[in-house]
Structures are given as C-alpha cells and as structure tokens.
Amino acid sequence: MARNKAIVPEARAALNSFKLEIANELGLSNYDSIDKGNLTSRQNGYVGGYMTKRLIEMAERQIAGQSGK
C-alpha cells in the first residue's frame, strides 16, 4: 500500500502553492528551490505545522459558516 497517496490529485498544486506562501510568511524565501536538507528540523517542521494550523482554521470557519444557516 502506497503511503501519502493523494486522495484528490488535483489538490497537489494548490497545496504546493500554500506551502510556499506559508514558508514566505515564516521568512524562508525561495523555499521551492532551496535544499530542504540544509534547513533545520525546526524550520521544516514550522512549515508543515503552520500549514496544518491554517487548514484547521479554514475548516473550522467553513463549518461555523454552515451551521449558521
């Protein structure tokens, strides 16, 4: 069984764009072209952690908006 198989393959481009946006907000410019192996675990972890945080916030706002109808 393949790990990390995309359920919605079309979302890959949007998630990559989102990753670059988060990295820029965290001060990691040119994140798409730098060698991630030269970054600290903390720097790489911040990008994934903030992506998760923002995705959860977006989902919570969407759910809250739907329950108000």
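Here is a short briefing on the fold, surface and charged contacts of this protein chain. The model is predicted. Its protein chain has 2 helices and 0 strands. With a radius of gyration of 15 Å, well over the 11 Å that the globule rule gives for 69 residues, the chain is more spread out than a compact globule. Salt bridges from R54 to E21 and to E25 are the contacts to look at once you have the overall picture.

**Overall shape and exposure**

- Taken along the principal axes, the C-alpha atoms of the protein chain fill a box of roughly 50 × 35 × 20 Å.
- Of the 69 residues in the protein chain, 12% are buried.
- The protein chain exposes about 5800 Å², and carbon and sulfur atoms supply 53% of that area.

**Charges**

- You will find 10 positive and 7 negative side chains in the protein chain.
- The centres of these two sets of charges lie 5 Å apart.

- Because R54 lies in helix α2 and E25 in helix α1, the pair ties together parts that are 29 residues apart in sequence.
- Through shared partners, the salt bridges join E21, E25 and R54 into one network.

**How open the network residues are**

- R54 has 24% relative accessibility, so R54 counts as partly exposed.
- E21 counts as partly exposed too, because its relative accessibility is 36%.
- E25 has a relative accessible area of 52%, so E25 is exposed; the cut-off for that label is over 50%.

**A nonpolar surface patch**

- L15, L55 and M58 form a nonpolar patch on the surface. Together, L15, L55 and M58 have about 250 Å² of accessible area.
- L15 is found in helix α1, which covers residues 12-25.
- At 40% relative accessibility, L15 counts as partly exposed, because that label covers values between the buried limit of under 20% and the exposed limit of over 50%.

Conventions
Residues are numbered from 1 along each chain as its sequence is written. This is a predicted model: local features need pLDDT of at least 70, side-chain atom pairs count only at pLDDT 80 or more; totals for chains, interfaces and linings use all residues. Side-chain values use heavy atoms; hydrogens and water are left out. Patches are made of residues with over 30% relative accessible area and no salt bridge: like charges are joined within 9 Å, nonpolar side chains (Val, Leu, Ile, Met, Phe, Trp, Tyr) within 5 Å. Accessible areas come from the Shrake-Rupley method with a 1.4 Å probe; for residues, only the protein chains shown count as cover. A salt bridge is a side-chain nitrogen of Lys or Arg within 4 Å of a carboxyl oxygen of Asp or Glu. Helices (H or I, at least four residues) and strands (E, at least two) are DSSP runs, numbered from the N terminus. Buried means under 20% relative accessible area, exposed over 50%, partly exposed in between (1.4 Å probe, protein chains only). The radius of gyration is taken over C-alpha atoms; the globule rule is 2.2 Å times the number of residues to the power 0.38. Lys and Arg count as positive and Asp and Glu as negative; His and the chain ends are not counted. The place of a charge is taken as NZ of Lys, CZ of Arg, CG of Asp or CD of Glu.
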